[in-house]
Amino acid sequence: MAASAHLLPQTTLDRTRFDEAVRALKVFPSAMNVVSPASGPFVIYTFIVSCPTTQTWWVVTKRYSEFLAFRRTLAALAKRACDDVRIVLRAVHTPTFPKKHPLTPIHNAGKILERLTLFKQYTAMLVSLREACVLRALQLAPSAAKDSLLELYDLVQDFLSIPDALRRDELRRTIALVSPESSSVTEEDTECGCEEACAICLCDYEHGETKLQMPCKHVFHQECVVRWLEKSATCPLCRQDATQGYLF
């Protein structure tokens with residue numbers, strides 16, 4: 001049985017809230033050429049996933065080969081899966097996937113941009129698939145189909161590199177999103193102790209601006225964090241690791 005199965009309540013759903021969550025999702029992409037003495041040149045694609053409805057964010061870092069292998073894994077799964085799993089897998093069925101090109105020491109900027117755009121869309125689809133698994137599983141009584149959906153959920157969680165410290169709370173918030181009466185999100189969960197100004201750009205926070213909190217509790221503008229994490233995976237103030245956190 002999937003590790004997430006025991007967290008799902010038997011309850012009603014709010015499909016409108018789920019659809020709004022998918023539309024609110026944001027994925028900020030960047031790419032970097034890497035030259036490895038062992039394997040030669042390759043490109044690292046980095047995506048900061050920001051989900052306003054569950055108030056969480058995290059960093060996904062993948063190579064082309066990892067995206068391709070996971071796409072093939074899902075395609076193979078769809079061929080042998082039950083109907084409920086095939087239904088949610090349609091969310092990531094995309095006819096457009098970047099072709100594999102021979103690697104060169106300096107990658108063509110146009111091809112990198114093409115891949116970056118398509119992988120951004122694919123990453124957003126995977127986040128939607130993950131939430132669709134919960135949505136569909138909540139509609140089912142305990143069964144093999146429900147277990148399969150939650151196993152798929154965990155499989156996508158692993159690929160999206162959601163940190164262990166964030167996973168349980170992120171699932172709890174997703175359940176609260178599609179099933180409001182089961183919500184256990186408290187004011188403490190969304191408490192923000194941020195300063196009046198962003199320490200990256202030194203500008204005051206304006207009403208309505210999205211801010212990202214790092215694990216160390218330091219808070220910055222969302223746009224500032226996106227630009228900062230393109231250069232460093234640590235907090236700009238205390239230098240602690242910063243690859244996931246919450247939105248405010």
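Here is a chat about the predicted model shown above.

User: Hi! What should I know before I start looking around?

Analyst: This is a predicted model, so local features need pLDDT of at least 70, side-chain atom pairs count only at pLDDT 80 or more, and totals for chains, interfaces and linings use all residues. Residues are numbered from 1 along each chain as its sequence is written, and side-chain values use heavy atoms, with hydrogens and water left out.

User: Okay, what does the protein chain average for pLDDT?

Analyst: pLDDT is the predictor's confidence in each residue, from 0 to 100. The protein chain averages 77, and 74% of the residues score at least 70.

User: And where is confidence lowest and highest?

Analyst: The lowest is helix 1 (residues 15-24), with a mean of 60, and the highest is strand 5 (residues 219-221), at 92. Helices (H or I, at least four residues) and strands (E, at least two) are DSSP runs, numbered from the N terminus. Over residues 5-14, pLDDT stays under 50. It also stays under 50 over residues 183-190.

User: Switching topic: how many residues does helix 5 have?

Analyst: Helix 5 (residues 144-159) has 16 residues. From first C-alpha to last, helix 5 reaches 23 Å, close to the 22 Å expected at 1.5 Å a residue; that expected span is 1.5 Å times one less than the number of residues.

User: Which of its residues are buried?

Analyst: Among them are L149, L150, L152, V156 and F159, and also K146 and D154. Buried means under 20% relative accessible area, exposed over 50%, and partly exposed in between (1.4 Å probe, protein chains only). After helix 5 comes S161, with a positive phi near 60°.

User: What does L126 contact?

Analyst: Leaving aside neighbours within four places in sequence, L126 is in contact with F70, L74, V92, V156, F159 and L160. Contact means heavy atoms within 4.5 Å.

User: Now the strands. How many bridges join strand 3 to strand 6?

Analyst: Three bridges join strand 3 (residues 56-63) to strand 6 (residues 244-247), and the two run antiparallel. In strand 6, Q244 is the bridge partner of W58. Strand 4 (residues 211-213) is joined to strand 6 by two bridges, also antiparallel, and Q213 has Y246 as its bridge partner there. Two strands pair if DSSP finds at least two bridges between them.

User: What about T46, buried or exposed?

Analyst: T46 sits in strand 2 (residues 40-51) and is buried, with a relative accessible area of 18%. Not counting residues up to four places away in sequence, T46 touches F28, P29, S30, V59, V60 and T61.

User: Last one: how many disulfides are there?

Analyst: The count comes to zero, where a disulfide is a pair of cysteine sulfur atoms within 2.5 Å.
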